[in-house]
Amino acid sequence: MKKHILIVPGDGIGQEVTAVGKKVLERIAEKFNHEFTYDEALIGHVAIEATGNPLPDETLEKMRASDAVLFGAVGHPKYDNDPSAKVRPEQGLLKMRKELGLYANLRPIKLFDELLSASSIKPEILKGSDILFFRELTGDIYFGEKGRKNDGDTAYDIAEYSKYEVERIARRAFEAAMTRGKRLCSVDKANVLESSRLWREVVQAIAPEYPEVTVEHIFVDAAAMMLIKDPKRFDVVVTANLFGDILTDEASQIAGSMGMLASASVGDSTGVYEPIHGSAHDITGKGVANPLASVLSAALLLDISFGLKDESNAIIAAVDQLLKDGFRTRDIADANTPADKILNTEAAGEELLKRL
Ligand SMILES: NC(=O)C1=CN([C@@H]2O[C@H](COP(=O)(O)OP(=O)(O)OC[C@H]3O[C@@H](n4cnc5c(N)ncnc54)[C@H](O)[C@@H]3O)[C@@H](O)[C@H]2O)C=CC1
Ligand SMILES: CC(C)CC(=O)C(=O)O
Ligand SMILES: [Mg+2]
């Protein structure tokens, strides 16, 4: 198969982990006889430095022209600590999602059995957890009108959803539930927010079309608690942009680390595959970032954008074997991990390639 893949590393550890993700794609192409070509483009802080724009037109054009995008992360402490900065790396990410119509962000939360002890949650509660989040990605408070009033003393961000926006993400979630455990949990805050009441209304209206799917509606605060108390009660979860952002960082603890969670951002055009984590300033440049979220994002890319299930499964099997062989990056190591099994980013990538 001939495909063109755009690599967009972005900032911080995005650069470090995407380098490993790309090597894995190259190995897959070699092993399964595919012809993948690559290009690279700027986003975030590195793009601002080079062009003044967090999402240069050239990057967007390259994204549109490619068959899939492997994305890293954006963000730099310079902006995090300067709330008054008008041009920010994160604007590039949000604009990319909006411009490409990437309204569905799939975040699989699956625990590799070998990492049962890496989590702070008790093993008997965790074992067998397997959740698929559908986070709406182009609406909600991230994209509504925002601003200041009262001479700058008051700030506002408007959370807005249309029926159409809720319906399209909900349908994807129902369809996914049909192929899995046939349980769908819709998470909202309909006891308080009008946008959540519309959300619930739309999900309730669609539910009769999927009679085999058991639907429950949970308020986001309770959902945050239940995720940790009993993760196995969840199968497919569908939720708004902000709630999905927060709940999936929380859910990363079910998988052991932020460095283990991959995602697929899909919708109207080229799919973008990205770890759920950010640019991680605290570990940038130390070479200790876990590259597996990027590697597993590459697996999602092959499966979802190219329909290459065997190739995708080969990557997941290699990750599983790496963990079975006892290798860990620092974030997923525990007191029982021997020092010689704790690898830096690059070495973890090399060990993984040996198993592919
Ligand atoms: N998709 C994106 O591009 C995202 C960007 N950000 C940006 O990233 C910057 C840092 O944000 P934070 O809130 O610190 O979130 P973060 O996700 O970058 O890091 C949170 C914590 O998880 C750890 N971590 C994350 N990925 C890891 C990996 N692969 N291996 C090992 N440890 C890992 C970090 O060291 C940190 O302690 C900010 O500028 C923020 O705006 C944050 C989240 C997502
Ligand atoms: C800029 C943020 C919306 C990025 C983020 O936290 C995410 O997509 O998970
Ligand atoms: Mg996030």
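I began with ligand 1: of the 22 residues around it, G75, G259, H277, G278 and N290 come nearest. Here I count a residue as near a molecule if its C-beta atom, placed from the backbone, lies within 6 Å of it. I take helices (H or I, at least four residues) and strands (E, at least two) as DSSP runs, numbered from the N terminus.

This is a predicted model, in which local features need pLDDT of at least 70 and side-chain atom pairs count only at pLDDT 80 or more, while totals for chains, interfaces and linings use all residues. Residues are numbered from 1 along each chain as its sequence is written, and chains are lettered from A and ligands numbered from 1 in the order in which they are written.

**Shells by class.** I sorted the shell around ligand 1 into 10 nonpolar, 7 polar and 5 charged residues. Ala, Val, Leu, Ile, Met, Phe, Trp, Tyr, Cys and Pro count as nonpolar, Asp, Glu, Lys and Arg as charged, and the others, Gly among them, as polar. Around ligand 2 I found E90, L93, Y142, D245 and I276. That shell has 3 nonpolar and 2 charged residues, and no polar ones.

**Record entry for a binding site.** I looked up the UniProt "binding site" feature (unreviewed entry), which is placed at D221, D245 and D249. They are spread over 29 residues of sequence yet cluster in space, with a largest C-alpha distance of 14.4 Å. UniProt annotations may be inferred rather than shown by experiment. D221 lies in helix α9 (residues 220–229), and D245 in helix α10 (residues 241–255).

**Domains.** The protein chain is divided into domain 1 (1–110 + 260–356) and domain 2 (120–255). I noted 24 Å between their C-alpha centres. Domain 1 puts 17 residues into the contact and domain 2 puts in 23, where two residues are in contact if their C-beta atoms lie within 7 Å. On the side of domain 1 that touches domain 2, α5 and β4 (104–110) give two or more residues. The largest share, 7 residues, comes from β4. That side divides into 10 nonpolar, 3 polar and 4 charged residues.

**Helix α11.** I checked the length of α11 (residues 292–305): at 1.5 Å a residue its 14 residues should span 20 Å, and its end C-alpha atoms are 19 Å apart, which agrees. The expected span is 1.5 Å times one less than the number of residues. Why do I call α11 largely enclosed by the rest of the structure? Because 12 of its 14 residues are buried. Among them are L292, A293, V295, L300 and S305. I looked for what covers the buried residues, and the list includes α1, β3 (68–73), β11 (262–266), β12 (271–275), α12 (309–324) and α13 (345–354). Just after α11, G307 takes a positive phi of about 65°.

Notes:
Domain bounds come from an automatic or database domain assignment. A residue is buried if 20 or more other C-beta atoms lie within 10 Å of its own, exposed if 12 or fewer, and partly exposed in between; C-beta atoms are placed from the backbone.
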